[in-house]
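Dear colleague,

Please find below the structure that I am handing over to you.

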Amino acid sequence: MLRRVTIKFASLILVALLAALAWTFVKRPLPVPEVAGPVVPDAIAVEGVSLSMIRGAEMTSREAFSVRGGSLLKQFITGIGAFVVEHPRGILLIDAGVGRDVTAHLGTTPLLMRALAELTVRQPTIDALSARGVEASDLGGIVLTHSHWDHVSGLADLRSVPVWITPEELAYARSDDEGGKLYRELEAAAPFELHEPSFTSGPYGPFDESQDFYGDGSVVIVPMPGHTPGSVGVFVTDASGKRALIIGDTSWTKEGVDWPAEKPWLARRMVDSDAKAVRDQLVLLHQLQQANPELLIIPAHDARVHEAIAEF
Ligand SMILES: [Zn+2]
């Protein structure tokens, strides 16, 4: 009798736990205050500036694992790559994309993450550059949106290129957090030439501080802490005046900004450093998009949004 009651009780607990887990996948858009969104300064078109992308690899998973409220039936393609800004003063990468050893690099991530997605390598950043006759020595720098494995993998083949990373991000990457494991391994093998964004160019739209990278308004770095302590976003305005904002992993999906909605609980637990800060950023980005509909907000991994950017 006691045994039967115990089994019944255990089953009830299990059902309750499963229900609680299922709830974390239910769509719950974040509340947005009813105030007009922030407007960004007029876009400055600089001749010779373009934004393109090296599509390094893809991971296939489910939309439900990528944004809270996403469908379990819909496939979600996680694009991994490097964004390329060609500027009269040089070529700048935003994130390093995929390295030649990316499959080994994937091994530095938690087992659950590897279990939920399958990696297909398309082209390492270094090879995509070489195919266009660009050598590592031709690059002016790499701005890291943050230090997670799928943003730094390509650094392994681009050792001589100066890297821009915030002090907060560097401290995080060098801490014992699992998210910085690959960065630490790469840095232990050989140090990088590191630079800090200066954030002395004043406010930019809703962001309190910024760094106007070339001093001409074409590339503007802004702090975007949350996903990791030192994450940044990067505005890029091309020669036609079209402006994009690369938001790293603040959201993995466009829906994260459109609805707005955070990642599901399990994903947040695995990858987000400060869930509350991410929610604040998502609401801000949502308002920014409402007030600036022509702005292309680019989550680093939403392959559907990447379609809007030319292949390097
Ligand atoms: Zn990340």
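Two strands pair if DSSP finds at least two bridges between them. Strands (E, at least two residues) and helices (H or I, at least four residues) are DSSP runs, numbered from the N terminus. The model is a predicted one, in which local features need pLDDT of at least 70 and side-chain atom pairs count only at pLDDT 80 or more, while totals for chains, interfaces and linings use all residues. Residues are numbered from 1 along each chain as its sequence is written, and side-chain values use heavy atoms, with hydrogens and water left out.

The sheet

β11 and β12 run parallel and are joined by 3 bridges. Within this pair, Leu245 stands opposite Ile297 in β12. Both strands belong to an open sheet of 5 strands, in the order β8-β9-β10-β11-β12, with mixed pairing. Because β8 (211–212) and β12 (296–298) stand at the edges with a single partner strand each, one side of each has no neighbour in the sheet.

Helix α6

Which residues of α6 are buried? In this helix (residues 167–174), they are Glu169, Leu170, Tyr172 and Ala173, where buried means under 20% relative accessible area with a 1.4 Å probe, protein chains only. Seen down the axis of α6, they fall within an arc of 160°, so they line one face of the helix; the arc is that of the directions from the helix axis to the C-beta atoms. Their cover includes α7 and β7 (194–195).

The pockets

On a 1 Å grid over the protein atoms alone, a pocket is an open set of points where a 1.4 Å probe fits, with protein on both sides within 12 Å along at least five of seven lines; lining residues have an atom within 4 Å of a point. A volume is the space filled by probe spheres set on the points, which are joined across faces, edges and corners.

The largest pocket has a volume of about 600 Å³. It is lined by 35 residues, of which Met113, Trp149, Trp252, Met270 and Val271 are the closest to its centre. The largest share of this lining, 4 residues, comes from α9.

The second largest pocket has a volume of about 160 Å³. Among the residues that line this pocket are Ser50, Val236, Arg243 and Leu296. The elements that give two or more residues to its lining are β1, β10 (232–237) and β11 (243–246).

Yours sincerely

Methods: Buried < 20%, exposed > 50% of the residue type's maximum accessible area, 1.4 Å probe, protein only. Contact = heavy atoms within 4.5 Å.
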